[in-house]
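I opened my notebook for a first look at this structure. Here it is, and my entries follow below.

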Amino acid sequence: MLNVTERKKVMITGGAGFIGSNLIRLIIEELPNWEIVNFDALTYAGNLTSLAGLEENPQYRFVKGDVTDSKAVLDAMQGCWGVMHLAAESHVDRSILDASPFLKTNIIGTQVMLDAARSLGIQRFLQVSTDEVYGSLQPDAHPFTEDHHLKPNSPYAASKASADLLVRSYYKTYGLPVVISRCSNNYGPYQFPEKLIPLLISNALNDKPIPVYGDGMQVRDWIYVDDHNRGLLEVLEKGKPGEIYNLGGKHELPNLMLIKHLLDLLGKSESLITFVKDRPGHDRRYAMDWSKTERELGWCPKFDFEEGSRRTVDWYMNNTKWVNQVTSGSYRDYYELQYGAR
Ligand code: NAD
Ligand code: TYD
């Protein structure tokens, strides 16, 4: 259970992105004594329309800034009890096209955040990480535990693994009270339509082809975004400094099965499915063992996939304006580069 009475000021980086905007809405709804500073550079993936309605909320303040800018970070972090560090370049396909923004934001940005947290005596620093740092699993292998080796296969995953190691080093070297969460693939409202689920829904609604990489039998463990965010709050509040906590959705599914399920919910034909050239270095399977998090923090995912996917599809069907807004402009160039000649 979350402690809802204590007053806390928390800096959330990347709060205008998919997970961050859902996290901020959850905190505003359930933790009335928390004050939030949302620090975000508003890249293509950050959209203040995802937080519409919160502008005047006294619990909430937005600061536009880059996590690699140490002065801006220090200013925004003043007076905070804790930090939830979500800001990142997050899309594997983009990291394959160009790794440099990933190294800059995900590694250097994390170092800047850690230095600021150290100099201000931050009491809890949460590094929000991913299952992708562990690499790929064999079909019959046990899901990833927190002790699994780090074998990242994409520049994105390598940049997150590097950041995680840096975070660990600040605990060991300086005693900074850090915690690391690693979660599986999220889905839900406000996800930018370059990731599989929102791309699929928005293409299907427009009767456009659904690009399936390779044979479509890659397995992901899907978690509804609110379950992830409740896990992040538990890890922040109750996690032991220096420890890593896995979070997962208890729902492993091959991409093709996922796509067919969603097309069925949308009432669209499977003839939209179009097999395209595989992603280089494509991880075959991710799966999480989150028994440590359940045992130590009492967390487990609450949404089953049926309900989560229904909610997600409904949300995208009712929010085509949001999709159109965030995909105007540079997204069209990216789409052409990514899928045009595939
Ligand atoms: P996202 O791409 O939707 O959002 C990222 C946010 O970070 C955006 O608002 C963007 O403007 C901001 N940002 C990017 N570069 C920045 C910079 N230099 N300075 C300040 N802000 C910057 O990402 P997401 O899916 O919401 O993921 C959030 C975090 O969770 C990431 O750290 C990601 O690695 C991690 N994660 C994501 C998933 C998933 O399935 N989406 C799973 C596990 C972990
Ligand atoms: P994605 O949403 O990019 O997440 P991640 O690569 O971080 O797991 O992709 C999820 C899965 O869907 C992954 O196996 C790649 C696959 N995929 C496609 O088949 N087609 C697509 O157009 C996209 C974006 C992803």
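**Entry 1: the end of a helix**

I started where α6 stops: Asp207 follows α6, and its phi is positive, near 55 degrees. Helices here are DSSP runs of H or I with at least four residues, strands are runs of E with at least two, and both are numbered from the N terminus. Asp207 has this positive phi although it is not a glycine. I found Asp207 in the loop between α6 and β8.

Before going on, I noted that this is a predicted model, in which local features need pLDDT of at least 70 and side-chain atom pairs count only at pLDDT 80 or more, while totals for chains, interfaces and linings use all residues. Residues are numbered from 1 along each chain as its sequence is written, chains are lettered from A and ligands numbered from 1 in the order in which they are written, and side-chain values use heavy atoms, with hydrogens and water left out.

**Entry 2: α6 itself**

Next I asked why α6 counts as largely enclosed by the rest of the structure. It does so because eight of its ten residues are buried. Buried means under 20% relative accessible area, exposed means over 50%, and partly exposed lies in between (1.4 Å probe, protein chains only). Among the buried residues of α6 I listed Ile197, Pro198, Leu199 and Leu200. What do the buried residues of α6 pack against? I wrote down β7 (186-187), β8, α8 (255-266), α10 (305-318), α11 (320-326) and α12 (330-339). Contact here means heavy atoms within 4.5 Å.

In the loop between β7 and α6 I came across Tyr190. Tyr190 is not a glycine either, yet has a positive phi of about 65 degrees. With a relative accessible area of 14%, Tyr190 is buried.

**Entry 3: ligand 2**

I then looked up ligand 2, which has 19 residues around it; Glu132, Arg220, Arg279, His282 and Tyr339 are the closest. A residue is near a molecule if one of its heavy atoms lies within 4 Å of it. At least two residues of this shell come from each of α3 (92-97), α6 (196-205) and β8 (210-213). β8 gives the most, with three residues. By type, I read eight nonpolar, five polar and six charged residues in the shell around ligand 2. (Ala, Val, Leu, Ile, Met, Phe, Trp, Tyr, Cys and Pro count as nonpolar, Asp, Glu, Lys and Arg as charged, and the others, Gly among them, as polar.)

For polar contacts I used pairs of N or O atoms within 3.5 Å; within protein, one must be able to donate a hydrogen and the other to accept it, and residues adjacent in sequence count only if both atoms are side-chain atoms. An N or O atom in the side chain of Asn185 is 2.9 Å from an oxygen atom of ligand 2. A polar backbone atom of Leu196 is also 2.9 Å from an oxygen atom of this ligand. The protein buries 97% of the 510 Å² that ligand 2 exposes when taken alone. Such areas come from the Shrake-Rupley method with a 1.4 Å probe; for residues, only the protein chains shown count as cover.

**Entry 4: ligand 1**

Which residues come nearest to ligand 1? Of the 28 around it, they are Ile19, Asp40, Ser90, Tyr156 and Lys160. An N or O atom in the side chain of Asp40 is 2.6 Å from an oxygen atom of ligand 1. For Ser90, a polar side-chain atom lies 2.6 Å from an oxygen atom of ligand 1. The protein covers 96% of the 840 Å² of accessible area that ligand 1 has on its own. α1 (18-30), β5 (124-130) and α5 (155-174) give two or more residues each to its shell. The largest share, three residues, comes from β5. I sorted this shell into 13 nonpolar, twelve polar and three charged residues.

**Entry 5: the cores**

Last, I looked at the nonpolar cores, which are sets of buried Ala, Val, Leu, Ile, Met, Phe, Trp, Tyr and Cys residues joined through side-chain atoms within 4.5 Å. The largest has 42 residues, and Ile12, Ile24 and Leu126 are among those with the most contacts inside it. α1 gives the most to this core, with seven residues. A second, separate core of 35 residues includes Leu253, Leu263, Val276 and Val323.
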